[in-house]
Amino acid sequence: MSDCQRPLSPHLSIYRPQLTSMLSILHRFTGVGLFVGSFLFVGWFVALSLGEESYQSIVSFLESLVGQLLLSGWVFAFYYHLFNGLRHFYWDIGRGFDLETTYKTGWLVLGVSISLTVITLIFMMWR
Amino acid sequence: MADFRLPKNSRLRPGKLHKASEDAKDVRRFHIYRYNPDDKENPQIDTFEVDQTQCGPMVLDALIYIKNHIDPTLTFRRSCREGICGSCSMNIDGTNTLACTKSTGDVKGDVKIFPLPHMPVIKDLVPDLSVAYAQYTSIKPWIQEEVEHTGDRERLQSPEDRKKLDGLWECILCFSCSTSCPSYWWNGDRYLGPATLLQAHRFIQDSRDQKTDERLQELEDPFKLYRCHTIMNCTKTCPKGLNPAASIGDIKQKIAEQKIKGISLKKG
């Protein structure tokens, strides 16, 4: 029996997605997204310092459909990562661990992030 | 780096269908993970049709029915059939729980049953828990003392101190929580996992244990403890309704408090 290599039982593919794990992985994804987004932010400044022509090219990219979608994504990533980060701080002071509170704060963070994203986008379009 | 895919020898292939007899009244389908180390084939999913009028209400009843009446080679652990031994922990309908306390009626549609996730499989629904048990041993799950206890009676404890163990002593070590944790899936060789950390907390909280500081220092490690990212799958899945995530949070806090107090056991 010792020569037989035991198979690994299925995990990611069979475990039911639920609020707990989905919000956790979303926190990771938005964190990575913000990191990538920071390069764009720097690029924007660099373009600005290089003069009007380069600045216009980055602005026209950001005004394109792809650019607008990316910016909307970053707005959501910013709000979600911020508020879920506060949720993590709340856990770090040893509170909010019971399942009921975890679900309440989870839905709250998601709701607030989506609402603020929509409000921000409406505000930006209106301006 | 975590490998999100199953190794080649673990990928699933289609299995057999065991149809119910014509006169069955209330048929329910069970899709069950099968692996036989003797036939040197990949694991497969067998489907069993079970007449619900012929078997009890729990998933474990259905498994026992299948073993007794359809396929005697179906292998799984079970003992107490009342949620206190922790033997029949497995993944049912996508979450980890005890087959004996999970009602088939609570599952919508077909019932899918897998072994505890991301574990080496010995046979069918029987995972190899050696690593998990070794991790449990590593936290020294017994009362340790600085001064040897003397006298002819047990160590006394106030009702308040005893209360601190509620929500901890009930753990039956079924490892449903540990194997529900993505962090434990990717780092199970070094991260202790929620079940073992809840047990560690149980002894940290015990007023009769005199090695609290050592226990905390032993746990302060990027992998043993801090791979917990508060995903909370553990608390969500615990069939006993316990809260391993809260235990881990309390350990982290106690370590922080220990630092603030400047308690250092490393002398010199």
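Predicted model: local features only at pLDDT ≥ 70, side-chain atom pairs only at ≥ 80, totals over all residues.
Begin by selecting residues 8–127 of chain B, which form domain 1, and then residues 130–261, which form domain 2. The C-alpha centres of these two domains of chain B are 31 Å apart.

**Where the domains meet.** Next, display the contact between them: domain 1 of chain B contributes 14 residues and domain 2 of chain B contributes 11. On the domain 1 side, select strand β5 of chain B (residues 95–98), whose four residues are the largest share of that side. Colouring the domain 1 side by class gives six nonpolar and eight polar residues, with no charged residues.

**The largest nonpolar core.** Now select Phe30(B), Val59(B), Met90(B), Ala99(B) and Ile113(B); among the 61 residues of the largest nonpolar core, these touch the most other members. Helix α5 of chain B (residues 193–204) supplies the largest share of this core, namely six residues. Because domain 1 (8–127) and domain 2 (130–261) of chain B both give residues to the core, it lies between them.

**Around Phe30(B).** Centre the view on Phe30(B). Leaving aside residues up to four places away in sequence, Phe30(B) touches Phe48(B), Val50(B), Ala62(B), Ile66(B), Val111(B) and Ile113(B).

**The contact between the chains.** Finally, turn to the contact of chains A and B, which takes 24 residues from chain A and 39 from chain B. On chain A, select α1 (19–49), α3 (65–92) and α4 (99–126), each of which supplies at least two residues to the side touching chain B. The most come from α1(A), with three residues. By class, this side of chain A holds 11 nonpolar, 10 polar and three charged residues.

Note on methods:
Residues numbered from 1 in each chain as written. Chains lettered and ligands numbered in written order. Core = buried A, V, L, I, M, F, W, Y, C linked by C-beta atoms within 7 Å. Buried ≥ 20, exposed ≤ 12 C-beta atoms within 10 Å, placed from the backbone. Domains from an automatic or database assignment. Contact = placed C-beta atoms within 7 Å. Nonpolar A, V, L, I, M, F, W, Y, C, P; charged D, E, K, R; others polar.
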